[in-house]
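Student: Could you walk me through this structure, starting from a single side chain and working outward? I would like the cut-offs along the way.

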Amino acid sequence: MTRGPQPLLALRGAREIACRRGIVLDRAGILSSHYDFIIFRETSTVFVRIKRVRSHISDPKDIERMFREEILLLRRIPKTAVVSREIWVLSPWKTWQYFHVLDDRVVEICCDGQPVLQGEDMPGKV
């Protein structure tokens, strides 16, 4: 069961971002997939699910609550050293946020897949 129409504009915008990261395969080529597209990079493969949100996400735990079913489906994809699973969300203000789905948690990442520096990880923090 779906919660509404597919986010077609979000999918189009996300595809443009994904093309900057590597070769993209849309889910249209894969029946009954639990993701919207796959990004093939030289060193990794990224399975991506696109969603729309009504506000900025300040805590990745909100993503886990909002998209519990989608995260469970993404977690069915085996996590390996070269496979990652991501959820990208688009706000009404046309801003994107990106989240890496691990087996035990969800963490925010940058558009290039690199971790977002927070707290003690930030440069200049002692």
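## Contacts, cores and charged pairs

Tutor: Let us start with R21: leaving aside neighbours within four places in sequence, R21 is in contact (heavy atoms within 4.5 Å) with I39, R41, V46, E86, W88, C111, D112 and G113. Please keep in mind that this is a predicted model, where local features need pLDDT of at least 70, side-chain atom pairs count only at pLDDT 80 or more, and totals for chains, interfaces and linings use all residues. Residues are numbered from 1 along each chain as its sequence is written, and side-chain values use heavy atoms, with hydrogens and water left out.

Student: Is R21 buried or exposed?

Tutor: R21 is found in helix α1, residues 8-21; helices (H or I, at least four residues) and strands (E, at least two) are DSSP runs, numbered from the N terminus. Buried means under 20% relative accessible area, exposed over 50%, and partly exposed in between, with a 1.4 Å probe and protein chains only. At 11% relative accessibility, R21 is therefore buried.

Student: With which side chain does the side chain of R21 make a polar contact?

Tutor: A polar contact is a pair of N or O atoms within 3.5 Å; within protein, one must be able to donate a hydrogen and the other to accept it, and residues adjacent in sequence count only if both atoms are side-chain atoms. For the side chain of R21, the pair lies at 3.0 Å, and the partner is the side chain of E86.

Student: Which residues touch the most other members of the largest nonpolar core?

Tutor: A nonpolar core is a set of buried Ala, Val, Leu, Ile, Met, Phe, Trp, Tyr and Cys residues joined through side-chain atoms within 4.5 Å. The largest one has 16 residues, and those touching the most other members are I63, I87 and V89.

Student: Which element gives the most to this core?

Tutor: Two or more residues come from each of α3 (68-74), β4 (83-90) and β5 (96-101). With three residues, the top contributor is β4.

Student: How many salt bridges does a search of the whole structure find?

Tutor: Side chains of opposite charge can pair when their charged atoms come close. Here a salt bridge is a side-chain nitrogen of Lys or Arg within 4 Å of a carboxyl oxygen of Asp or Glu. The search of the whole structure finds seven.

Student: How many residues apart in sequence are the parts tied together by D36 and R49?

Tutor: Their side chains meet in a salt bridge at 3.2 Å, N to O. D36 lies in the loop between β1 (23-26) and β2, and R49 in strand β3 (residues 45-52), so the parts tied together are 13 residues apart. Both partners are buried: R49 has a relative accessible area of 16%, and D36 is at 6%. The separation asked for is 13 residues.

Student: And what is the N to O distance between R85 and D103?

Tutor: This pair links distant parts of the chain, with R85 in strand β4 and D103 in the loop between β5 and β6 (106-109), 18 residues apart. R85 is buried at 0% relative accessibility, whereas D103 is exposed at 53%. Their side chains meet in a salt bridge of 2.7 Å.
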